[in-house]
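This briefing goes through one protein chain, topic by topic. It begins with a single residue and its surroundings, then turns to the chain as a whole, its side-chain pairs and its confidence scores.

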Amino acid sequence: MAAGGDGAVKPLQSAMKLAAGAIELDTGNRPREAYLEYLRSISYISQALLEEAEAAKGGSDAVTPDTPKMLKLAEQCLERAKSSAAGLGKVKPAAHERGPSPAPISRHRRVFSDEGGKLSPFLPPELFQKLQITKAQGTKKELTPLEEASLQNQKLRAAYEARVARLNPSQAVQKTSLTLSLQRQMMENLVIAKAREETTERLQRVSHPALRSLLGRRFSSSIALTPEEQEQRALYAAILEYEQDHEWPKLWKAKLKKNPADLSLVSGLISHLLSFPEHPIPQLLKKLQHVTYSRLYPIVSRSLADLGTGLLTPAPAGRRLRSSQSLYCMASVQENKVNLRHSLSTTPLGTEDLGTGSSPQEGAAARLADRESSFEDLARFLAAPETWPTGPPAEPQAPAEKKASLQEQLKAIVKDIHNSVDRLLSLTLLAFEGLNTAASKDQCLACIEEAFFSPLWAPLLALYRRVYQAREVALAKSMERHGNMPPSEIGVSASLFPQDSKGHAAGSYPYSTAVQELGLVLLESCPQRKLECIVRVLRVICECAEEYCAARESRPQPASAAIGADDLLPILSYVVLKSDLPELVAECAALEEFIHEGYLIGEEGYCLTSLQSALSYVESLHRGAMGK
């Protein structure tokens, strides 16, 4: 266990430091050095993963929990390396030879919102829906008997043409024989396929009474059903019809019945279920995601548009993004097939005093023509919460009314999300009765939430950050003003940190491992996984404290726990202060809303409450300084 700057360092942490250095070079207008550093980062990640895989000697041990994060980091480095290479190889033509060149295409897709043509980091709802459909179509799909027959006939036709091409002109008899054989085989395939489809239709007609009987037992027809119950009944009927045509649901039900306590079967079942886009449950998932995104998109886009075009202005040349901050911006970006790289959960702090151009239209066009960095208008907006407007907006609506409106909209969206997840869970439990145990139900809920939140967390967090803007601004200023404060000034006991640790360079201060672990919260897009990361942060703090305490007392291991609840909060406040992540305010607010109620009374709930208390304390440092 690495504590502070001592001991072995995880490959992920070393890779993050390398990437951070590359980004700092990139933001400092040193593209060649940045390009080389990106390549070194990619090479290091590849070598580290290769050594881990070889050491595991096959099996599932070759993939550790950090492996997906390392791969994501490598992908981001590769994207930025491509951009740097394109910039190094670009030759500007003479002005008299060519007209004005078009604006360069950014490495991530950005689209125009409906707010006066301003750029938005999110896809419009209709494109979001098309993207979800494209992803679903990319998964496995079962063919109908006629489609299978058509594929077989295409292969037969290709083989026939290849054989005919090898025949001599004098071999007319062989060619005729091959043609007749091809026609016979193709006709047989079609006849067999039609017979299979007729048999399936006949079985469906026979099974319809049984399906209606099962529906009658599940949904009583003697009482009037609400619209929600009617929709649930229709979806359950569609599931029953689907199961008449496919064998895999029956096989999974048999597995669950045989091993009801095996929670790995639950995860495997949900993963397998979501890989079939024609199943009613994945279809309902995509529909509910689109509905939620359609509600989030106009609110988030409107909030960004209200901030004006001054956000497009580049940061002053003297201000550079610090490596510990820009790293998380790069590493926490969500992945998808259209390279939608900017998540509102990413925050490269460190840009201040953003100016405005002479005119919004000309200034935006000129700046877009010069910029290929992924740290653009939205990143700067999120990076510098102190630049967010705190006075009254241009429209007549007062700030308090506007904030209340945002809070009401957030409350309504949160309620819809809870209803959507409940609908998906109840439908899944209807379809697979073997999941109706308490442990299986919790595991099923976790899997459904992970699939539901994955494409929605970025815009949802953007709305949370807008609502908690004032607190985030105060926290950011506290981190800026008190970032070099030693642990003793925050109340950390002298026995719980080394005496020679007053430096504050990256990796040389106490509890740096916990700070790095806290930064990994931004890599996740599922509430439960984020919560698990917070739990790991507090465990790392305890391990570091025990190691420091043992080193002071010159003994191998402390006889009892080195810290108690009273010691934990100051240490966690120090870790928060060193993290430079003010967006943790919104992250914790969202987690408190979306994590399962059962976690709130256990270790996870205690860890989340402790982190929220630490955030409030660090935030109060700024208020105290302002009061003085």
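Leaving aside residues up to four places away in sequence, S440 touches P260, L263, V266, G434 and L435. S440 lies in helix 15, which covers residues 438-453, and counts as buried at 1% relative accessibility. The model is predicted, and its confidence scores are listed in the last group below.

**Chain overview**

- The chain has 23 helices and 2 strands.
- Of its 628 residues, 45% count as buried.
- Among contacts in the chain with a separation of 6 or more, 80% are between residues 24 or more positions apart.
- The chain exposes about 31,600 Å², and carbon and sulfur atoms supply 54% of that area.

**Helix 22**

- Helix 22 spans residues 584-594.
- Because 9 of its 11 residues are buried, helix 22 is largely enclosed by the rest of the structure.
- The buried residues of helix 22 are L584, V585, A586, E587, C588, A589, A590, L591 and F594.
- C588, one of these, has a relative accessibility of 2%.
- F594, also in that list, belongs to a cluster of aromatic rings described below.

**Cysteines**

- The structure holds 0 disulfides.
- C526 is in no disulfide, and the nearest cysteine sulfur, that of C447, is 9.1 Å away. A disulfide would need the two sulfur atoms within 2.5 Å.
- C526 counts as buried, with a relative accessibility of 3%.

**Aromatic pairs**

- A search of the whole structure finds 10 aromatic pairs.
- Y242 and W248 form an edge-to-face pair, with 6.1 Å from centre to centre and 70 degrees between the planes.
- Both partners are buried: Y242 has a relative accessibility of 6%, and W248 has a relative accessible area of 8%.
- Y511 and Y548 also pair edge-to-face, at 5.2 Å centre to centre and with 90 degrees between the planes.
- The Y511 and Y548 pair links distant parts of the chain, the two residues being 37 residues apart. Y511 is in the loop between helix 18 (487-490) and helix 19 (512-519), while Y548 is in helix 20 (residues 527-552).
- Both Y511 and Y548 are buried.
- F452, F453, W457, Y464, Y468 and F594 are linked into a cluster by ring pairs.

**Charges over rings**

- The charged end of K255 sits over the ring of W252, at 4.4 Å from the ring centre.
- In a second case, the charged end of K578 sits over the ring of Y509, at 4.7 Å from the ring centre.

**Positive phi angles**

- Most residues other than glycine have a negative phi.
- Y511 has a positive phi of about 60 degrees although it is not a glycine. The relative accessible area of Y511 is 0%, so it counts as buried.
- D580, also a residue other than glycine, has a positive phi near 55 degrees.
- D580 is found in the loop between helix 21 (565-579) and helix 22, and its relative accessibility of 10% makes it buried.

**Confidence**

- How high is the average pLDDT of the chain? The average is 74, and 66% of the residues score at least 70.
- Within the chain, confidence is highest in helix 22, at a mean of 94, and lowest in helix 11 (residues 323-331), at a mean of 34.
- Over residues 91-119 the pLDDT stays under 50, and the model has 54 contacts beyond four places in sequence for this stretch.
- The pLDDT is also below 50 over residues 502-507, a stretch with 9 contacts in the model beyond near neighbours in sequence.

Methods:
Residues are numbered from 1 along each chain as its sequence is written. Side-chain values use heavy atoms; hydrogens and water are left out. Helices (H or I, at least four residues) and strands (E, at least two) are DSSP runs, numbered from the N terminus. Buried means under 20% relative accessible area, exposed over 50%, partly exposed in between (1.4 Å probe, protein chains only). Contact means heavy atoms within 4.5 Å. Accessible areas come from the Shrake-Rupley method with a 1.4 Å probe; for residues, only the protein chains shown count as cover. Rings of Phe, Tyr and Trp (its six-membered ring) pair if their centres lie within 6.5 Å; planes under 30 degrees apart count as stacked, over 60 as edge-to-face and the rest as tilted. A charge sits over a ring if NZ of Lys or CZ of Arg is within 6 Å of the ring centre and within 35 degrees of the ring normal. pLDDT is the predictor's confidence in each residue, from 0 to 100.
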